Amino acid sequence: MEHQIFNQSEQLVQNIASAINSGSAQQLDQFGNTDYFYIKATESGEITQTFSTNPHLDSKELNKLAEEILRRKSSKGDFDWHDLSYTFLKVPQNQQQGVLIVSVGLNRELMVLKFLLAALFITGVICLGLAFYSSLYLADKALIPIKKSWQRQQDFVADASHEMRTPLAVIQTNLELVMGNPKETVAEQEAWLKNIKIEVTHMTRLVEDLLFLARADSDQQSLEKGNFSLDKAINQVIKPLIPIADNKGITLKIDAEPEVDFYGDEKRISQLMLILVDNAIKHTPSNGKVSLKMRELGNIIEILVTDNGEGIEEQHLDKIFERFYRIDKARVKSIEGTGLGLSIANWIVKSHKGTIKVSSIPGKETVFTVRFPR
């Protein structure tokens, strides 16, 4: 911008000089609003005529300016005079012997440059500030999933340690009781040995579930997909649960639409059905009802697992698929399970590009809805 402005000023000086040398008052009138002056002098340096559009420059000041410019060897250049800046041009006079000095004020151009510099500086500072705070915001936002993952990992380790601590304590206590009575037979200590077996079974399930989720988190849990009959797979895995439900006084009903072909991992889909139905049975009291319904809805396969058990309060609905999440921590020991079943179910559904949702009316009904694309 500075280069362009000074080039325009030099061109303006040349145009004024040409107008003066031409002697055309009409051409000179078009520069009436320009801050300029000109001085005519002989070859010996004697001043013959002065003119200025700046009222603050009288003839005395112009004579001093002429002497200053005439002392310079260059034919053009810039100079400062009483806090004013000018650019000048020395050219020969056309009509007589001598030199013509034309000078144009640069104050307006310099003000424009100062304003531009100030605007650029302020804009730069604002942009730097915005960039700084935007970077902080974006960095903080980018760290949110990392912080959540780190917190989830810490919670996972703490919960896993807690879950394993209890069976280990039971095993240790029962072993101490067995070892404290070395003369008793195995039959006499059957109660303590059964407790140990139950806790070992629980720990085995817990470790298997933990390994499953660990492989899933590291994308090492692969699926063996293929075509299979979904209704047959459901009946095959759920029918063994009917006697268990009967022993609790629960009615278990299966309503699977026949001849439904599905492409996926049959083993994992069966595991999903087992988790959902087993979870419903555990949370349904005697004389309750649990049902599994599977149907085709266009390009969607929908599976509903419904029970009329205790239900889930609204504030827990979006958290029950988290690992080790317990709705009522005081009832942990009264309900069998590792606390990882619904997390595994969620992974199985998502790995098949499906969705799983839960709705509940506490004390009346809970419905798990699974939908898979055909």
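Residues are called buried under 20% relative accessible area, exposed over 50% and partly exposed in between, with a 1.4 Å probe and protein chains only. Glu10, at 32% relative accessibility, therefore counts as partly exposed. The model examined here is predicted, so local features need pLDDT of at least 70 and side-chain atom pairs count only at pLDDT 80 or more, whereas totals for chains, interfaces and linings use all residues. Residues are numbered from 1 along each chain as its sequence is written, and side-chain values use heavy atoms, without hydrogens and water.

Glu10 is found in helix 1 (residues 2-22); helices are DSSP runs of H or I with at least four residues, strands are runs of E with at least two, and both are numbered from the N terminus.

Turning to the aromatic rings, nine aromatic pairs were counted (ring centres within 6.5 Å; planes under 30 degrees apart are stacked, over 60 edge-to-face, the rest tilted). Phe228 and Phe262 form an edge-to-face pair, at 5.7 Å centre to centre and 75° between the planes. Phe228 lies in strand 6 (residues 226-229) and Phe262 in strand 8 (residues 261-264), so this pair ties together parts 34 residues apart in sequence. Phe228 counts as buried at 8% relative accessibility, as does Phe262 at 4%.

Phe321 and Phe368 also pair edge-to-face, at 6.3 Å and 90°, and both are buried. Finally, Phe37, Phe79, Tyr86 and Phe88 form one aromatic cluster.

Methods. Phe/Tyr/Trp six-rings, centres within 6.5 Å; stacked < 30°, edge-to-face > 60°.
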